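Look over the sequence and the model, then read on.

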Amino acid sequence: MINLLLLPIILPFFFGIILLFFPKQIKVQRTLVTVGLIVSFISALILMAKVKSDGIQTVTLGSWPAPFGITMVSDMLSVLLVTTTIVITFFVVVYSFTGIDEEREKFYYYPAILFMITGVNGAFTTGDIFNMFVFFEVLLIASYVLIVLGGEKKQLRESIKYVLVNVISSALFVITIALLYSVVGTVNMADIALKITDIGQPGIITVIAVLFLLVFGIKGAIFPLYFWLPGSYAAPPMPVLTLFGALLTKVGVYAITRTYTLFFVHDTAMTHGLLSILAILTIIAGCIGALAYFDLKQIMIYNIVIAVGVILFGVAQMNDAGMSGAIFYLIHDMLIKGALFLLIGIIIAVTGTSNLRKMGGLMKTHAGLGWMYLIAAFGLAGIPPLSGFIGKMLIIQGAFEAGNVWGSIIMLVSSLIVLLSVIRIFIYAFWGEPVALPKTRRRSYRSLMMPAVVLVLISVAYGVGTEWLIPYMTDASDVLLNPSIYIDAVLKE
Amino acid sequence: MKTNDVILQTATKVVFFIIFLFSIHIFFAGHFTPGGGFVGGLLTTGAIVLLLLAFDLKTVQNALPFNFMIVTAIGLLLALGTAASSLLFNIPFFTHAFDDVYLPLFGVSALHTAMAFDAGVYLVVVGSTITMIQTIGGDS
């Protein structure tokens with residue numbers, strides 16, 4: 001099946017289209033979105049097995065020869081990300097059955113999610129830089145729908161900011177691609193890598209590298225371009241925030257990783273040095289934000305920023321340990337952020353507020369929630385054997401090997417601050433004197449807990465089963481460190 | 001306030017069909033010359049917007065009783081279906097098939113699957129733009 005690698009993109013799109021026909025029938029919407037995501041997940045698993053056994057899968061659309069048509073490339077990194085994306089979306093959708101109001105469900109909420117997944121999976125899979133722009137637009141337009149859906153005052157205010165920032169960064173993206181095209185004369189990513197090697201990365205290519213960092217940095221929220229993120233992400237309801245927090249910034253991170261390992265590898269002192277410094281600054285800025293707020297959402301949102309910094313710091317090392325650490329941490333962060341945001345959503349639903357000062361004593365009434373939150377929080381901070389540990393350890397090992405001692409120390413300290421920021425939530429919300437809770441139905445609490453608990457368990461399994469996952473991670477980091485594997489896979493036929 | 005727009009309305013009744021036929025022409029011309037589903041769709045939308053200007057939202061909704069979201073969905077399905085039919089033949093996605101076929105009345109014509117895809121694009125453009133205009137126009 002030559003088109004296998006397209007199925008995780010096509011299937012969500014197909015089910016999204018079908019859902020457009022019955023916007024008002026909530027039962028049909030819920031059933032079809034669940035079926036669609038399960039089918040997509042199965043196709044992603046089959047694809048992963050195929051990539052594991054046969055190496056990188058490619059298909060060039062429209063049967064054109066490789067550098068001319070749009071090539072879709074599925075290597076281990078992209079298939080891992082695609083699978084994780086579908087898993088997280090599935091749990092967010094299950095959470096949405098009770099976690100979001102029927103008004104939104106009747107107004108194209110599920111189709112918008114499926115279209116966003118189409119864009120996210122497409123951006124992870126494409127091997128053509130202009131096509132990547134197109135998939136970015138697909139996911140952004142779907143995310144505009146999700147952020148504004150409901151039309152609360154706060155949402156409208158923040159969505160204007162969100163749309164404006166993203167429209168500007170998209171314009172910059174096209175300009176950067178045009179500039180790159182004017183230098184190398186191709187938009188096929190493997191071909192670009194080849195052409196840049198031929199001309200040996202003159203100054204203009206380094207300028208383009210920095211421009212790409214700017215473009216993807218706005219989407220991926222690196223320092224100092226994350227300014228729009230805390231406000232905009234706090235506006236939509238919790239399931240949407242979970243999707244955005246777990247997936248959207250990671251697309252930017254993936255794009256930086258891909259371009260900085262495939263194209264711009266000939267002047268790493270400049271480009272990767274800059275990336276490394278920005279990553280450290282991102283971590284510091286995120287830490288300050290995470291400690292500064294007493295608002296659950298804001299604390300978690302600043303933790304997204306920290307994670308972006310950590311992953312990019314790993315990527316910037318350009319060695320074996322750093323790269324596989326970055327991939328480990330990337331997947332871990334998607335899972336654990338998904339789980340934490342869902343748990344935070346439950347805390348907010350139970351207490352009726354997102355202000356830490358107004359809660360307390362939840363341990364007496366909601367012990368299960370407390371324990372799950374504690375496990376997820378430890379996982380986020382990277383306490384062994386939970387999932388954050390191995391990624392961070394490898395990144396720090398890579399940084400020491402590359403001689404970035406100060407960066408590693410800052411990253412180690414940041415882990416403590418991450419732990420402090422999430423444990424602060426635990427202390428304020430779960431310890432102390434119980435506060436009077438608004439009436440919530442016990443059944444809806446249970447159905448909210450179910451997806452969150454399973455996601456926490458998956459992240460625990462991800463941490464405990466590290467040994468079993470290592471072959472997949474080495475496959476992924478091998479391709480990133482040896483661009484020739486990627487180039488050969490695309491251009492050899 | 002009741003405006004007297006007899007001239008506009010009378011002219012629109014004729015001009016609408018001219019624009020609409022021209023949009024169909026542009027749609028088919030798009031295969032070898034500038035044009036295609038996107039431009040054709042926009043021209044059709046232009047014709048409907050002219051109707052909206054000359055009459056009012058209610059009249060146009062009675063005259064064209066479609067749910068334009070469904071039109072968009074059908075268009076998407078048509079476009080995706082055309083591209084995805086290559087899945088059945090195990091050839092790369094979006095691969096284009098064509099042949100010269102003898103049709104009565106038209107003589108030997110070149111039939112392309114790209115046309116079906118473009119028809120999908122046409123429906124998506126018409127459906128989504130009219131939905132936007134109706135939503136914004138219906139607010140006031």
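Chain B has 5 helices and 2 strands; helices (H or I, at least four residues) and strands (E, at least two) are DSSP runs, numbered from the N terminus. This is a predicted model, in which local features need pLDDT of at least 70 and side-chain atom pairs count only at pLDDT 80 or more, while totals for chains, interfaces and linings use all residues. Residues are numbered from 1 along each chain as its sequence is written, and chains are lettered from A and ligands numbered from 1 in the order in which they are written.

**Chain B overall**

- Read from the N terminus, the elements of chain B follow the order α-α-α-α-β-β-α.
- Chain B has a radius of gyration of 18 Å, whereas a compact globule of 140 residues would have one near 14 Å. The radius is taken over C-alpha atoms, and the globule rule is 2.2 Å times the number of residues to the power 0.38.
- Along the principal axes, the C-alpha atoms of chain B fill a box of roughly 60 × 35 × 25 Å.
- Of the 140 residues of chain B, 26% count as buried. A residue is buried if 20 or more other C-beta atoms lie within 10 Å of its own, exposed if 12 or fewer, and partly exposed in between, with C-beta atoms placed from the backbone.

**The hairpin of chain B**

- Strand β1(B), residues 98-103, has 6 residues and the number buried is 0, so it lies largely in the open.
- Strands pair if DSSP finds at least two bridges between them.
- B:F98 has B:H112 as its bridge partner in β2(B).
- Between the strands of this hairpin lie 3 residues, and B:L105 takes a positive phi near 80°.

**A strand pair in chain A**

- Strand β1(A), residues 57-60, is joined to β2(A) by 4 bridges, and the two run antiparallel.
- A:Q57 stands opposite A:S74 in β2(A).
- Strand β2(A), residues 71-74, is covered on both faces: A:T71 and A:V73 are buried on one side, A:M72 and A:S74 on the other.

**The largest nonpolar core**

- The largest nonpolar core has 213 residues, and among the members that touch the most others are A:L139, A:L343 and A:A452.
- Helix α14 of chain A, residues 320-351, gives this core its largest share, 19 residues.
- Such a core is a set of buried Ala, Val, Leu, Ile, Met, Phe, Trp, Tyr and Cys residues joined through C-beta atoms within 7 Å.
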